[in-house]
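I set out to look up a few local features of a structure and to record them here.

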Amino acid sequence: MTSTTQPTRHLPPLSDSPTPRPAYLVVDTESIPDGRLLAAVKYPGESLSPEAAIEKACAEARERSWNGSDFLPVTFHVPVAVCVLRVGVDFALQSFSCLDAPQYRPREIVQKFWDGVAHYKAKHKARLVTFNGRGFDVPLLELAAFRYGIAAKDHYLARDRYRGPIDLMEWFSNFGAIKMAGGLDLPAKLLGKPGKMGVTGEHVYQMHCEGRHREINDYCLCDTLDTYFVFLRTRILTGDIAAEKERELVAKAKELLQSKVGEFPILERYLGSWTEYASM
């Protein structure tokens, strides 16, 4: 990806009527390994540089992986991009935020995220929506709050901490009964949405080393949008919306994204990659 993400701005309401209250925060994150932490925890006494520790840990991960993946456990990661979509009680897209753009400072990203969660959970009882959030995104942000000493009171004191967030991967996998092979890419492409467009999570560290921070944020934003459209389709299955309502919400979301292409050029490629998936 070669587009440039601009500073966070809010999208306008979906209609001239009063905007329904925010009810959901659709979240996706991107992260990189912390080489200093790896060196201290996995390789004490070896005097490895952060870069060498990451290289060694990734090599070990590839050897253990069934598919050659070198992605390291979430406990050794630090967030470098977080995107959040605000969704109304009517399931309409209201706004999106790319946190701390264009600086992308991890501490500021984490602070803005937990401040936003506190605001929307306390005022609107908003729920987090993720794809594999229970397995990665949420613990990533929890550990980052611990790292930086950032309060997340409303999250930790909530009775439904473990039941409140909606994790679509758990939903699809019957809460771990099957492996959700294909990840988010699969249901996104089933809907004719772009899914992965040449970048995956395993590319993020190299992109970060090359200074391609805005491209990482673009990738994160596109994954967050895919998560939203997948979430909409699941609400048909749960009976919350009808198929006709989903089509209306998708059309309105598309109009809003088209209106923001000038500020977020990646959206032109994202929207241009929509297809009609032919059902069997």
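The entries below concern a pocket, a hairpin and a loop.

I noted that this is a predicted model, in which local features need pLDDT of at least 70, side-chain atom pairs count only at pLDDT 80 or more, and totals for chains, interfaces and linings use all residues. Residues are numbered from 1 along each chain as its sequence is written, and side-chain values use heavy atoms, with hydrogens and water left out.

I looked up strands E2 (residues 77-88) and E3 (residues 93-98), which pair in the antiparallel sense over five bridges. Strands are DSSP runs of E with at least two residues, helices are runs of H or I with at least four, and both are numbered from the N terminus; two strands pair if DSSP finds at least two bridges between them. I found Val84 opposite Ser97 in E3. Four residues separate E2 and E3 in the hairpin, and in the turn Phe91 has a positive phi of about 70°. I recorded six of the six residues of E3 as buried, that is, under 20% relative accessible area with a 1.4 Å probe and protein chains only.

**Loop.** I located Val261 in the loop between helix H10 (243-259) and helix H11 (266-272). Neighbours within four places in sequence aside, Val261 is in contact with Leu267, Glu268 and Leu271, where contact means heavy atoms within 4.5 Å. I noted that Val261 and Leu271 are 10 residues apart in sequence and, C-alpha to C-alpha, 9.5 Å apart in space.

I looked up the largest pocket, whose volume is about 1100 Å³. A pocket is an open set of points on a 1 Å grid over the protein atoms alone, where a 1.4 Å probe fits, with protein on both sides within 12 Å along at least five of seven lines; lining residues have an atom within 4 Å of a point. Grid points are joined across faces, edges and corners, and the volume is the space filled by probe spheres set on the points.

Notes. Buried means under 20% relative accessible area, exposed over 50%, partly exposed in between (1.4 Å probe, protein chains only).
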